Amino acid sequence: MTHFESQICSCLLQAHYGEIVAKVGTHLIRTGCQPLRLIAKDTETPIDQVKKALCVLIHHNFASYHVHKRGFVEYEVHCAHIIRILRYPRYIYSAKTLYGDTGELIVEELLQNGKMTMSAVVKKVADRLRETMEGESA
């Protein structure tokens, strides 16, 4: 991965998820797989904040983890997945073109919230559609 790609990933994480997530994500991009304690030590961030940042990254499929053969967990960031944030507007536009306002809202919710159950997506989209309808009638 080039230095330019890592800078783009860092900026995207900063803009969309905040300073701590960007700090942890950028560190993992530069260093590769690392265990939790080493990430916390190297970034000089409390372990609880590192855990929360890793949860955000994993929840949005920007990071993954695996158990090392010695028994500890290592975390890894996928730069290509982070760069896909730049395509989010295209995904939303395509969904709106193909499936209308409902499709647009579904894709938007999934991109904003990461992994979600279908029932949670349907509930949020239904609530947003209801708000829109009430706003138009008022």
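Which residues of helix α3 (residues 36-43) are buried? In this predicted model, L36, I39, A40 and T43 are the buried residues of α3, where buried means under 20% relative accessible area, exposed means over 50%, and partly exposed lies in between (1.4 Å probe, protein chains only). They sit on the same side of α3 because they cover an arc of only 95° around the axis, the arc being that of the directions from the helix axis to the C-beta atoms. R37 and K41, on the other side of α3, are exposed. The cover over the buried residues of α3 includes α2 (19-31), β1 (34-35), α4 (47-59) and β3 (73-77). Just after the helix, E44 takes a positive phi of about 55°.

The model is predicted, so local features need pLDDT of at least 70 and side-chain atom pairs count only at pLDDT 80 or more, while totals for chains, interfaces and linings use all residues. Residues are numbered from 1 along each chain as its sequence is written, and side-chain values use heavy atoms, with hydrogens and water left out.

Turning to the overall layout, the protein has seven helices and three strands, which are DSSP runs numbered from the N terminus (helices: H or I, at least four residues; strands: E, at least two). Along the sequence they follow the pattern α-α-β-α-α-β-β-α-α-α. The C-alpha atoms fill a box of roughly 60 × 30 × 25 Å, taken along the principal axes. Of the 138 residues, 33% count as buried. The accessible surface comes to about 8,900 Å², and 56% of this belongs to carbon and sulfur atoms; such areas come from the Shrake-Rupley method with a 1.4 Å probe, and for residues only the protein chains shown count as cover.

The three strands form an open sheet in the order β1-β3-β2, with antiparallel pairing. β1 and β2 (63-67) stand at the edges with a single partner strand each, so one side of each is left without a neighbour in the sheet. Two strands are taken to pair if DSSP finds at least two bridges between them. β2 and β3 are joined over five bridges, whereas β1 and β3 pair over two. The hairpin of β2 and β3 has five residues between the strands, and in it G71 takes a positive phi near 105°.

Within strand β3, E74 deserves a separate look. This residue is the bridge partner of P35. E74 is buried yet has no salt bridge, and the nearest side chain of opposite charge, R70, is 9.0 Å away. A salt bridge here is a side-chain nitrogen of Lys or Arg within 4 Å of a carboxyl oxygen of Asp or Glu; Lys and Arg count as positive and Asp and Glu as negative, and His and the chain ends are not counted. Leaving aside residues up to four places away in sequence, E74 touches C33, Q34, P35, S64, Y65, H66 and H68, contact meaning heavy atoms within 4.5 Å.
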